[in-house]
Amino acid sequence: MKERGMDRFALIIDHESCWGCKACEVACKQENHAPEGIRLIHVSEDGPRMAGDRLNFVYRVNTCRHCDEPECVEACPEEAIVKRDDGIVILDEKACTGCGLCMDACPHQAIAFDNDRGVAQKCNLCYHRVDRGLEPACADNVCLAHCIYFGQPDEIEKGMSRKRQQTQ
Amino acid sequence: MVEFVYSNVEREMEVYGYDAVVKSHCRMCHGGCGVLVYTRNGRVEKIAGDPDCPINHGTLCSKGLASAQLAYHPDRLTYPVKRSGPKGSGRWERISWDEALDAIADRLLNYREAFGAETVVLGYGTGRENEAVIYRFANLFGTPNVLTAGHFCYGPRIATSILTCGTNPIVDYENNPRCIMVWGNNLVISNPDCYKGEPFSRALDAGAKLIAVDPRLTRIAARADVWLPLRPGTDAALALGMLQVIIEEGLYDREFVENHVHGWEPFVRRVEEYPLDKVEEITWVPAAKIREAARLFATSKPAAIQWGVAIEQQINCADNDRLLMFLMGITGNIDRPGGQVLFKPPGIRNVGHFGAHRMLPGIQREKRLGGERFRLAGQFAIINPKCVWDAILEEKPYPVKALFFISSNPLMTRGNAAEVYRALKKVEFMAVADFFMTPTAEMADIVLPAATWLEMDYIGDFWKRHGYILPRRKVIQVGECRSDHEMLNDLAHRVGQGEHWWDNFEQALDWILEPIGITWQDFKKRDYIRGDVLYRKYETRGFSTPTRKFEIYSTVLEGMGYDPLPRYREPPESPYSTPELYRKFPYILITGRRLPGFFHSENRQVSWLRELHRDPVVEIHPDAAKKEGIREGEWVIIESPRARVRQRAKFFAGMDPRIVSAEHGWWFPEKKDPGHGWDESNINMLTDNAYEACDPAMGATHVRTLLCRISPEKRS
């Protein structure tokens, strides 16, 4: 057991397994109703490009990484973004003034801007679900590749390496 | 062990205060996935996969997740309408169901009386679990003409598998194939007919080897141990090449061939006509790669082939299907655990029985459009679409007077869309049942509001060959929408078929289930029913074919006057069959790669799905784009010898630079004029449907490979 106050939750995506089906994107929409054009989780194509002597082509799933030292938290002048003790980084839309500094600070382009309401938006890791004992929508067994993992990082790493061993 | 089942139903109910959760069966595609539908105050609030369902194990695709957005869409047609202006004017008047069905019944009866039942054509698109009621209605009405996608989708697999081994061999993912050869299929995106991506994905995670046959580098191809990027349309030659390797190197299952195969020797002689150097020349795939794939497939036990529609929308349709079955067969993978199994459905009244094919009088069956030309299709009650358009436009062999399309948008989805348009424009009477006013519905006289899967009771996967049936339970009512089954049950009474139908459709479900001793109400309480799972059934009973053997040499095709052995035919338009045309149209155009969120021409108005893919996109190799002066993201004109359409250019280096890959099914519901942009980006404006270009046995329209040129729209 980890001590209280240390990171407990993470969302980890096994990109090698992702098929690009985008079910996670729609599961997120169904749960969070982000406005049209805003994708709090977003699947995009990477490649095809040569990797060694063969062409490779993978999908990349981009969403907030809930960084250990989130630059968006530092950048926000309103303190509208906080990192909780359990590791989840939450952007509070009500406190957001729409200055956009967090978007510039984010190294992962994981923060979007809602033009209609004039606020920044990002994945809050469905904390409203997590706090009530449910999984985040994208990680709640929608993914046909079972490639979105939610939980304690070391447990996830164990699960992923078990899968890799089977495949080889 | 199922490791990934999370969904906590009780907690979900508690946290969100839902009133109820209903287990049902999604049909945003052909059906398949078990779902949980959460409701509050009678409204669907959330849809999730059902963790107890053996098909999808709780996962669900983008389409299924967006079902409620479709059901509650503000543009949905929620009451019947009749045309109140000229055809295609977009002027409609609300009418009652009684008025609509009486008017349709009246017209159909009058045409039957005056011109014969065969002048009335019913139609559906791809399989939407309404085929059994539509065939029942047509057969009892006396028309042999039901126009479906069956000539070039799934119908050929059913027809050729019945000829070869009695039924469609389904991959047994549950028992972990050690090698999977995915042939022209992207099941992780399309989740086609009897398959879902999840069990396939899991079999790969369990260590299966992977071979991909695809002109494009899909993610499946990128993950494959061997990728065979064949020249589009040369599947039959490639399969013959692999068979050649397997036979030459003695890698086939001798016991199976000796005891259970019909026609081995003539087949071997036919295969010898395709030496590997010739196959390399035809397919553009290096001989060494073909050999490597053939060896891997033949020496991995068990092994399976994941196939689909791409190989059927070609002139080689029936032979492509047969050749892949022969690969499964001679390697000993038919009806073996982890191979491809001839699954038995539960012992209910099946689709064929319900479809009342035996009640169509012989004299009417002989009038089936195209039945003499496409004889294998005719045998399976399938017709080629051009036969219908010609019967309307040329009135040969007789005039078709009325069309009734149920969940079909042929203006978008059949070859030679300009001809389809002329036929729909000319036909005397047309009724359509659909969710929205599609470009096809806009050409109708009467349009009926169809129910989505959330609004009906039905026996899900009734028509499939994987051995399961699952209850689809009605959750909501939207407007006056009715299921296709209820609608036809009602119409049947109005045209005098009442004695063969029911007071309500629940009684029909009872009748289907009766042989296994349960009613619909009993079935509704279960998650699913599976037929007995038995392997190697042929060892005791033989195969369900005329010779009781696995027919590599088809006695049925021979009897119909076709070549009993498979062969390769060059695509009707190609660098080799039409070299002069190729100089003017120097790219091979492939059509119809699958996209998340869409199902053929559907879902362009569902915002969560349209957001995934805003515009029609044509992929072009960066080298070709440079040559043509095309910039990434700009609109380009794609032109075939028949017409031109526009799609947005995207660079894609994962294919031969001589290939261009366009999307199908595109219309624009956001354009409010009645045409909804049906001919702007519709790839079937470019395709051909000439009889000579169709598969000679199945009548499959060759829409997957043609020749084109491509240029920036601004310059054109």
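Modeller: A salt bridge is a side-chain nitrogen of Lys or Arg within 4 Å of a carboxyl oxygen of Asp or Glu. This is a predicted model, in which local features need pLDDT of at least 70 and side-chain atom pairs count only at pLDDT 80 or more, while totals for chains, interfaces and linings use all residues. Residues are numbered from 1 along each chain as its sequence is written, chains are lettered from A and ligands numbered from 1 in the order in which they are written, and side-chain values use heavy atoms, with hydrogens and water left out.

Colleague: With which residue does A:Glu36 form a salt bridge?

Modeller: Helices (H or I, at least four residues) and strands (E, at least two) are DSSP runs, numbered from the N terminus. The closest N and O atoms of the salt bridge are 3.2 Å apart. A:Glu36 lies in the loop between helix H1 (23-32) and strand S2 (41-51) of chain A, and its partner in the loop between helix H28 (607-610) and strand S23 (617-620) of chain B, so the pair joins two chains. The partner of A:Glu36 is B:Arg614.

Colleague: Is A:Glu36 buried or exposed?

Modeller: Buried means under 20% relative accessible area, exposed over 50%, and partly exposed in between (1.4 Å probe, protein chains only). B:Arg614, at 40%, is partly exposed. A:Glu36 has a relative accessible area of 52%, so this residue is exposed.

Colleague: How many residues apart in sequence are the parts that B:Lys23 and B:Asp52 tie together?

Modeller: The side chains of B:Lys23 and B:Asp52 form a salt bridge of 2.7 Å, N to O. B:Lys23 lies in strand S1 (residues 20-25) of chain B and B:Asp52 in the loop between strand S3 (43-49) and helix H2 (62-65) of chain B, so the parts that the pair ties together are, in sequence, 29 residues apart.

Colleague: Which element gives the largest share of the side of chain B that touches chain A?

Modeller: Contact means heavy atoms within 4.5 Å, and 53 residues of chain B are in contact with 47 residues of chain A. Elements that give two or more residues to this side of chain B include helix H1 (9-16), helix H7 (187-190) and helix H8 (197-205) of chain B. The largest share is seven residues, and it comes from H8(B).

Colleague: Is the pair of B:Phe256 and B:Tyr538 stacked or edge-to-face?

Modeller: Rings of Phe, Tyr and Trp (its six-membered ring) pair if their centres lie within 6.5 Å; planes under 30 degrees apart count as stacked, over 60 as edge-to-face and the rest as tilted. Both residues are buried, B:Phe256 at 1% relative accessible area and B:Tyr538 at 3%. The ring centres of B:Phe256 and B:Tyr538 are 5.4 Å apart and the planes are at 90°, so the pair is edge-to-face.

Colleague: Which residues form one aromatic cluster with B:Phe256 and B:Tyr538?

Modeller: A search of the whole structure gives 36 aromatic pairs over all chains. Besides B:Phe256 and B:Tyr538, the cluster holds B:Tyr252, B:Trp264, B:Phe267, B:Phe326, B:Phe543 and B:Phe550.
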